[in-house]
Amino acid sequence: MELGWLLWGAAVLLLLHVLMALSPTVNFALRIGFYSFLCILASALTAPVCLLVNGGRTVKNMRIIKAVVRTFKYFLGVRFEVKGLENFKVEGPAIIVSNHQSILDMMGLMEILPDDCVQVAKKELMYAGTVGLIIYLGGVIFINRKSTTSAKMVMAEVAKSMITENVKVWVYPEGTRNCTGDLLPFKKGAFHLAVQAQVPVIPVVYSSFTSFYNPKTKLFTSGKIKVEVLPPIETKGLTSDSVSDLTDRCFHTMRETLFRLSGRPS
């Protein structure tokens, strides 16, 4: 009986392997399904550990979460080439801004996430089952993107806690995923926050995923992601009138870096 189940299992695995080789759509669906399964399983197993070790919601849980998520790359065949981590070593709080491409961004985030760094995410993620639970326990700050007033109030509170708790804040200034190989225009919230708190902005750029991951063409294979942490941009002495220039400066610097890392002419 056990031999029969083993043979059936081997046959199913062989069939899936053949289908993945023949059909990009099947390959994409199975890989996304496997990635989702990893996220659900890992969050379900990690949440109790976070509660036992740190007692509840705290940014300290990110060390545990990071250690778990960093194993995903081995299952999915994704490699990282990282430069500039020394630029995270600024004294005191800072705003970290990076490009936002896909659901795989979480892997890139956890690959380089510095200690005592909280992320800003859309409120809807809070209700994503065990995944929502684990990011809540990690101290992620949730904002309601549909309400400008609510988002501004949350960001004002972030500015205060960033200084008092001496933490860094990670923001995706594009506001939504963008897997085009380019950048969307930046929203100014993160830069208003940096100027208001008089803390530096640290840009982080990930190379384009489009060579190995593209939902439109159902492409999902193994690949390499280049990551570069750029030097901090100081905001001391800047006022609200400087926010537009700061946003533009950061956008153009990150866009040029994105094209360079992706091997694309600027």
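**Contacts and helix packing**

User: Leaving aside its neighbours within four places in sequence, which residues is Glu 111 in contact with?

Analyst: This is a predicted model, in which local features need pLDDT of at least 70, side-chain atom pairs count only at pLDDT 80 or more, and totals for chains, interfaces and linings use all residues. Residues are numbered from 1 along each chain as its sequence is written, and side-chain values use heavy atoms, without hydrogens and water. Contact means heavy atoms within 4.5 Å. With neighbours within four places in sequence set aside, Glu 111 touches Arg 70, Lys 73, Phe 80 and Val 82.

User: Is Glu 111 buried or exposed?

Analyst: Glu 111 lies in helix H5, helices being DSSP runs of H or I with at least four residues, and strands runs of E with at least two, numbered from the N terminus. Buried means under 20% relative accessible area, exposed over 50%, and partly exposed in between, with a 1.4 Å probe and protein chains only. Because its relative accessible area is 12%, Glu 111 is buried.

User: Which side chain does a polar contact join to that of Glu 111?

Analyst: A polar contact is a pair of N or O atoms within 3.5 Å; within protein, one must be able to donate a hydrogen and the other to accept it, and residues adjacent in sequence count only if both atoms are side-chain atoms. At 2.9 Å, the partner of Glu 111 is Lys 73.

User: At what angle do helix H3 and helix H5 pack?

Analyst: Axes are lines fitted to C-alpha atoms, for helices over the stretch in contact, and angles run from 0 to 180 degrees between N-to-C directions. The axes of H3 (residues 61–69) and H5 (residues 105–112) are 9 Å apart, and the angle is about 120 degrees.

User: What does that make H3 relative to H5?

Analyst: Angles under 35 degrees are roughly parallel, over 145 roughly antiparallel, 65 to 115 roughly perpendicular, and the rest oblique. The angle here is about 120 degrees. H3 is therefore, relative to H5, oblique.

User: Which residues in H5 do Met 62, Ile 65, Lys 66 and Val 69 in H3 meet?

Analyst: H3 contributes Met 62, Ile 65, Lys 66 and Val 69. Their partners in H5 are Met 106, Met 107 and Met 110.

User: At what relative accessibility is Phe 72 buried?

Analyst: Phe 72 belongs to helix H4 (residues 72–76). Beyond its neighbours within four places in sequence, Phe 72 is in contact with Tyr 35, Leu 38, Cys 39, Ala 42, Met 106 and Met 107. Phe 72 counts as buried because its relative accessibility is 2%.
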